Amino acid sequence: MGSYRMCVCFTRKFRVTEAGPPEDVKEAFNKYAEGGTHMTAEQLRRFLLEVQGDDGGSISDAEKVVDQVLKTRHHLAKFTRHTLTLDDFHHYLFSSDLNPPINYDQVHQDMTAPLSHYFIYTGHNSYLTGNQLSSDCSDVPIIKALKRGVRVVELDIWPNSTKDDVHVLHGRTLTTPVELMKCLKSIKEHAFSASPYPVVITLEDHLTPHLQAKVAKMLAETFGDMLFVPQCECLQEFPSPEELKYKIIISTKPPKEYLKAESKDGTRSNSVKARDSDDDEWGKEPQDLTADQEDETKSDSDISDENEAYDNERPLEAADYKRLIAIHAGKPKGGLKDVLKVEPDKVRRLSLSEQTLEKAAESHGTDLVRFTQKNILRIYPKGTRFTSSNYKPLVGWMHGTQMVAFNMQGYGRAMWLMHGMFRSNGGCGYVKKPDLQMNVGPDGQVFNPKEILPVKKTLKIKVYMGDGWHLDFKQTHFDLYSPPDFYCWHSRGTS
């Protein structure tokens, strides 16, 4: 019952009523309660088996459901009866807690395949609290993402103003920095709060070898045995999520062996161009790009300034840093066909922008699928998404992209798709790719996303009601003098 004082003169009252059971629910109850007014645990078990498809349910599971419903709806009835009324049965069916649409509490997929066989819940610029240009950098959004189940955290690491420590910030913007060590400690504390499966830290590295060595020490001291350190310099196949439970994995470009370089007149050069960032290198059509054009199409973040020059007097300082990199990132030179070449003796991670993915999907769709069967592809938002908006993830998923990187502080329909995708498989942050994306035909052919395949199964959904607003909103949430009016809107789409 709700009441409201109007014009300080009189009070308006109204009663909040729940919608009654629809006809389908009544028919199901009558059938499985065998015409009775109460449904026993055994009758409920039959309904769960025959209608809900819960083939693993036992009589004890059904008894637990009955106890949960009675405990939720009736404080005393749980001691006096152990059966469900029609209203109890209806409450159970439409309770998102008791009868969720996705069994998100249990991991049910095979977790023993290599990492490349899974879609992975991936964040982009995970440290930003808001927009991409002027928001604060903090460990708070990282913690929120990890608690939601995100498994890939991105950190952009830069030297601080005195060049003796490492900050996390979005380079060449007005974002305020946060110390790297603070982010690492928060990752350690919250990495496995939502899922036991591995957390990948992708580092966008803009450091000198001296600071890379410092980062290696930070990583080793912070994570200790949690850190996955590969036994060889370059993996031939990625380990499985099951093998990597409760492990932290580092992914970035390995530092090069920078040595003193002599110029033609015999003098030594004191600066070396900074390493490439993960930002996309291609601005032209992929099929037209060649190795000779690569330097002409680098983004701003790939171009070093004099203050970021490497200290090439100490070329071996970053050896420990290189040793900790389990997933090597990088872009070989050449056109996209060369970049997507699968190497038999090693695996790697490749990063592309959303625009480049769309272009590649048009001309190199099967190459993308073949590459992602063994290697990891990461897609990041285009640089003009200043407000931290996101893009349609389905293009990446259709082509086997494991890491569709999202601005988790963003909003909108694309984000809803991402959240919905990773509620599956127990919400563990890893979803097994379908077999059709992993299969290889006798002649080496792979899944072609453009091919129109025959429909194997049609899913029909019937919406019964949109009730329950009073559980989330106060009765004066929207209007001081009346309860809210909601309606359901359905849009037909092609996706």
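Author: Let us begin with burial: a residue is buried under 20% relative accessible area, exposed over 50% and partly exposed in between, with a 1.4 Å probe and protein chains only. Helices (H or I, at least four residues) and strands (E, at least two) are DSSP runs, numbered from the N terminus. This is a predicted model, in which local features need pLDDT of at least 70, side-chain atom pairs count only at pLDDT 80 or more, and totals for chains, interfaces and linings use all residues. Residues are numbered from 1 along each chain as its sequence is written, and side-chain values use heavy atoms, with hydrogens and water left out.

Reader: Which residues of helix α6 are buried?

Author: In α6 (residues 140–148), they are Pro141, Ile142, Ile143, Ala145 and Leu146. Contact means heavy atoms within 4.5 Å. The buried residues of α6 pack against β4 (152–159), α7 (180–190) and β7 (199–205). Glycine 149 follows α6 and has a positive phi, near 115 degrees.

Reader: How many residues of helix α12 are buried?

Author: Helix α12 (residues 365–374) is mostly covered, with 7 of its 10 residues buried. They are Gly365, Asp367, Leu368, Val369, Phe371, Thr372 and Gln373. Among the elements that these buried residues pack against are β10 (349–353), α11 (354–363) and β11 (376–380).

Reader: Which way do the residues of strand β10 point?

Author: Arg349, Ser351 and Ser353 point one way from β10, while Leu350 and Leu352 point the other way. In β10, 5 of its 5 residues are buried.

Reader: In which sense do β10 and β11 pair?

Author: Two strands pair if DSSP finds at least two bridges between them. Here β10 and β11 pair in the parallel sense over 5 bridges. Leucine 350 has leucine 377 of β11 as its bridge partner.

Reader: Is aspartate 61 partly exposed or buried?

Author: Aspartate 61 counts as partly exposed because its relative accessibility is 33%. Aspartate 61 lies in helix α3 (residues 59–73). From C-alpha to C-alpha, aspartate 61 and alanine 41 are 8.7 Å apart in space, and they are 20 residues apart in sequence.

Reader: Is valine 463 buried or exposed?

Author: Valine 463 is exposed because its relative accessible area is 60%. Valine 463 lies in the segment after α15.
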